[in-house]
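Hi,

Here is the structure I promised to pass on.

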Amino acid sequence: MSTNLAAPVASVVAAPAAQPWRVGLIGFGCVGQGLYDILQQRPETGFTISRIAVKTPGKARTLPAERFEFDADALLSDDSLDVLVEVIDDADTAFRLVSEALRRGRRVVTANKAMLARHLPALVQLQREGQGTLLYEAAVCGSIPVIRTLDAYFGTEPLRRLTGILNGSSNYVLTRMGEAGSDYAPALVEAQQLGFAETDPSLDMGAFDPRSKAVLLAAHAYGAFLNPDEVLNLGIEGISAVDIAFAASQGQKIKVVAGLQRLPDGRVTALVTPQLVGPESPLYSVDHEFNGVVIEADFAGEQFLRGRGAGGHPTGSAVLADLAALRQGFAYQYPKAAEAPAYASDLEVEIYLRTDEDRIIDLLDFSEISEEADEDEYVVGYVALANLIRHRDTLRKYGAFIVRTGQLRPVGEAVAAALEQA
Ligand code: HSE
């Protein structure tokens, strides 16, 4: 008996449609163009971009002007479109369009991490109430299939920790500064020219963008729907060659790392900051615009995903993967949401702080200092996570640069240890 290996595996969901799926594309920036280009190169994927809505008429674009229209709402009400792809910059408009599409029971793919991080509970609720489906693999780590891995594969396994480099632009800048002795400003210009950075690059450099991504990971990894404002984000705007040299003197690199962790009491914490990373970590060799995520699961142990985290084609590839998944009837299950853990911020974090402002050191109120170098203006010690969250704007304003060592401990542990010794 011969077996047709090309035949689709029997599935409980509908087989792929014979007709190509008609895609309504909203936005034609880096990601929209990336998707368009991939579908041009691979027409056999069975998706065709039927309508493209953009905001600004008259802008120079790579396609003839007649390919574009300017009313995205018209795509929402076009029932001949099988799926809508939303890849615009503006988070408020994106939320209005995506939520309205879901209310109408549409299938939607988005890459808008800032919008998702702010509105995920509402968007999940809309899907539960209606018939719409929303996928967003492209919103986190570009081409790395991390959301689907967490939701579908690790949906039933408890996770100890997730550690990731989630922003390609800041990783590119840090890599260039370490590699070529390049300065911060030219390295950032390079990241912008290569199309990795957000329109407002302070979202990348201030770690707002990877914070949005960490919020999305928390929803799928732990069932925790976090308010982005509660999650500490510290960026690299204040970094200098001194800091890179400090890390190198310890055999380490500075990376912007998102750390999500389950605590012994079952609560979870999440923070996104520069961190010292040594060669023992798989993240050490994640350079340039690449992203990486280390998943530590209770039974599977450690796994590491690495891939391109930014750029039109890698991100377009993730959108295409979502389109194919929708055609197979896939939807996120948020399998851990029913037992969502509480969020913990009553922790102390060990940091390296470089600042020429004594008031910053006073403000952070270190509970323990293990190293101080007056000449290089840095101090290493433990501070309350709550203080870092409370004062993050002041830290940015005064150009203070902070790197986590990776050590966390409950608030008051130093006091408890001192009392024990007394
Ligand atoms: N600006 C983002 C980054 C693009 O640099 O990672 C991908 O989300």
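Glu100 and Arg103 both sit in helix α3, which covers residues 91-103. They are three residues apart, about one turn of the helix. Their side chains form a salt bridge, with 3.1 Å from N to O. Over the whole model, the count comes to 28 salt bridges. Keep in mind that this is a predicted model.

Next, the domains. The protein splits into domain 1 (2-139) and domain 2 (159-307 + 347-410). Taken over C-alpha atoms, their centres are 32 Å apart.

How many residues of each domain are in contact with the other? Domain 1 brings twelve, and domain 2 brings 16. About 1000 Å² is buried between domain 1 and domain 2. Carbon and sulfur atoms give 60% of that area. On the domain 1 side, look at Lys113, Ala117 and Arg118. These residues supply 48% of the area that domain 1 buries against domain 2, more than any other three residues.

Charged pairs cross this interface too: three salt bridges are found between domain 1 and domain 2. Lys113 also forms a salt bridge with Glu198. The closest N and O atoms of Lys113 and Glu198 are 2.8 Å apart.

What is the lining of the second largest pocket made of, by class? Nine residues are nonpolar, nine are polar and five are charged.

Best wishes

Definitions and conventions
Residues are numbered from 1 along each chain as its sequence is written. This is a predicted model: local features need pLDDT of at least 70, side-chain atom pairs count only at pLDDT 80 or more; totals for chains, interfaces and linings use all residues. Side-chain values use heavy atoms; hydrogens and water are left out. Ala, Val, Leu, Ile, Met, Phe, Trp, Tyr, Cys and Pro count as nonpolar, Asp, Glu, Lys and Arg as charged, and the others, Gly among them, as polar. Domain bounds come from an automatic or database domain assignment. Contact means heavy atoms within 4.5 Å. Buried area is the accessible area (1.4 Å probe) that two parts lose on being put together, summed over both. A salt bridge is a side-chain nitrogen of Lys or Arg within 4 Å of a carboxyl oxygen of Asp or Glu. Helices (H or I, at least four residues) and strands (E, at least two) are DSSP runs, numbered from the N terminus.
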